[in-house]
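Trainee: Could we take a close look at one part together? I would like to go through where the two chains meet.

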2 protein chains.
Amino acid sequence: MGKPNGVPAPAVRRLSLYLRQLESLAGRQQSTVSSRQLGASLDLTDAQVRKDLAYFGQFGHPGIGYRVEELIVQVRRILGTDKSWNVLLVGMGNLGRALMSYRGFAKKGFHVVAAFDNDASVIGQTVDGPRPIVVQRMEDMAKTVKSLNIRLAVLTIPAGEAQDVADRVLAAGVRGILNFAPVTLRKADCAVAAVDLAVHLEQLSFRLAGGDA
Amino acid sequence: MGKPNGVPAPAVRRLSLYLRQLESLAGRQQSTVSSRQLGASLDLTDAQVRKDLAYFGQFGHPGIGYRVEELIVQVRRILGTDKSWNVLLVGMGNLGRALMSYRGFAKKGFHVVAAFDNDASVIGQTVDGPRPIVVQRMEDMAKTVKSLNIRLAVLTIPAGEAQDVADRVLAAGVRGILNFAPVTLRKADCAVAAVDLAVHLEQLSFRLAGGDA
DNA sequence: TTTTGTGAATTGCTTCACAGCA
DNA sequence: TGCTGTGAAGCAATTCACAAAA
């Protein structure tokens, strides 16, 4: 049932971008798209687009291109977003609260259904979101993960606490972590994605400070 | 004066991670570190670490390793964060406000010194941050960029407005963009870094939904 | 025509393995 | 001994180029 393992990681990253662009095309009522068109909109070659998609199946139609709606369905299935995912969030600081009410998650089928913090003054508060949610104690995590079938966690906490919280979240039964703390997590065979906001600015400053130009 | 162009992009990305780890080591009073140690903490091989650093110079000491404080200075210089950068932020929604008060930026020398929005009810408001800032009209951008010597912009705006705002920001004199909108920007020879929060969750769902495991 | 899917060629990145230095 | 810096080897990803299909 698992897909073949010869898929380059960069191809999987681009799959998300293809989906995003396809959804945009669908919104503009465009019914088919060529690999050249799709690639141009993302700064990729047509060959790259075709090769990436071909890792997962034959979705195109020679002479026509790809049917937008059809390909959306396929890519969602490949990415696993044809079903919805329940997500928990740890860390109710500014960033955590902002992500709670971020509509982009729900649009893609990710639903923040539980929120945690270790600060007693925050626990019990109701935070806004698509559905308002009461912030829970960390101790209640395992029970909540089980009862709500949560499989993903978003960590918006200070670097010093991140590893401990990650361990706890995994122990509670979560399978994947989106980590905003500026540390690399020791991961015990679980999926981890990291977003370090400062790192991205550093990459820009490198490029502007003689890095390439 | 520019560094040679044979540097792989992945090496530059890792440079930020090395710096983060080195700063952590410095905080714990560790004075030297070997490529093996540094690599292990980031899930990289020792050879990878040495090769990455060697693209930029000879910083190590055979038999000793790398002197932590010394290497921090060098890496900051390479990344361009030995000097501070003025940054503007467009889009005062939840995410924008959260980033305004995010301490991680200032810690790395990035200072949000101006904020913009196109919503009349937000313009003129004071938003919190390291220094509180008054939200300006988009029309004032060019003047502000020049007077405060702003070189980077962070965009936390809806996808539909992103390209227009990016064009405007570049016209105002900004040289690099950190884009949180879920669209790929047509970039006219400027540096762009993209953070799409939903994309990261999709990568996790792929890995959990039979993608590799 | 137009456009896909794909083996072959190419480019790029990582790992190996070891000389040289402390 | 312990460790770096680096050419050479190996592996991975991208691009090329063309047969096949509509």
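Trainee: How much area do chain A and chain B bury between them, and what share of it is on carbon and sulfur atoms?

Mentor: Happy to walk you through it, and please keep in mind that this is a predicted model. Between them, chain A and chain B bury about 5300 Å², with 66% of that area on carbon and sulfur atoms. On the chain A side, the residues that lose the most area to chain B are A:Leu201, A:Glu202 and A:Leu208, which together account for 13% of what that side buries. As for who takes part, 62 residues of chain A and 62 residues of chain B are in the contact.

Now pick out one pair of helices in your viewer. Helix 1 of chain A, residues 9-27, packs against helix 9 of chain B, residues 197-211, at an angle of about 125 degrees, and their axes are 10 Å apart. Because of that angle, helix 1 of chain A counts as oblique to helix 9 of chain B. The crossing of these two helices is right-handed. From helix 1 of chain A, the residues making the contact are A:Val12, A:Arg13, A:Ser16, A:Leu17 and A:Leu19, while helix 9 of chain B brings B:Val199, B:Glu202, B:Gln203 and B:Phe206. Sorted by class, this helix pair has five nonpolar, two polar and two charged residues in its contact.

The rule finds six salt bridges across the interface of chain A and chain B. In one salt bridge between the chains, B:Lys187 pairs with A:Asp43, and the closest N and O atoms are 3.9 Å apart; the cut-off for a salt bridge is 4 Å. A:Asp43 sits in the loop between helix 2 (35-40) and helix 3 (46-54) of chain A. The backbone of A:Asp43 deserves a glance as well, with phi near 65 degrees, a positive value in a residue other than glycine. Most residues other than glycine have a negative phi. B:Asn149 also has a positive phi, near 55 degrees, and B:Asn149 belongs to the loop between helix 7 (141-148) and strand 7 (152-155) of chain B.

Finally, let us step back to the whole structure, where the search finds 20 salt bridges over all chains. Within chain A, A:Asp52 forms a salt bridge with A:Arg14, the closest N and O atoms being 2.6 Å apart. A:Asp52 is in helix 3 of chain A and A:Arg14 is in helix 1 of chain A, so this pair ties together parts that are 38 residues apart in sequence.

Note on methods: Residues are numbered from 1 along each chain as its sequence is written. Chains are lettered from A and ligands numbered from 1 in the order in which they are written. This is a predicted model: local features need pLDDT of at least 70, side-chain atom pairs count only at pLDDT 80 or more; totals for chains, interfaces and linings use all residues. Side-chain values use heavy atoms; hydrogens and water are left out. Axes are lines fitted to C-alpha atoms, for helices over the stretch in contact, and angles run from 0 to 180 degrees between N-to-C directions. Helices (H or I, at least four residues) and strands (E, at least two) are DSSP runs, numbered from the N terminus. Angles under 35 degrees count as roughly parallel, over 145 as roughly antiparallel, 65 to 115 as roughly perpendicular and the rest as oblique. A crossing is left-handed if the near helix is turned anticlockwise from the far one by less than a right angle, and right-handed if clockwise. Contact means heavy atoms within 4.5 Å. Ala, Val, Leu, Ile, Met, Phe, Trp, Tyr, Cys and Pro count as nonpolar, Asp, Glu, Lys and Arg as charged, and the others, Gly among them, as polar. Buried area is the accessible area (1.4 Å probe) that two parts lose on being put together, summed over both. A salt bridge is a side-chain nitrogen of Lys or Arg within 4 Å of a carboxyl oxygen of Asp or Glu.
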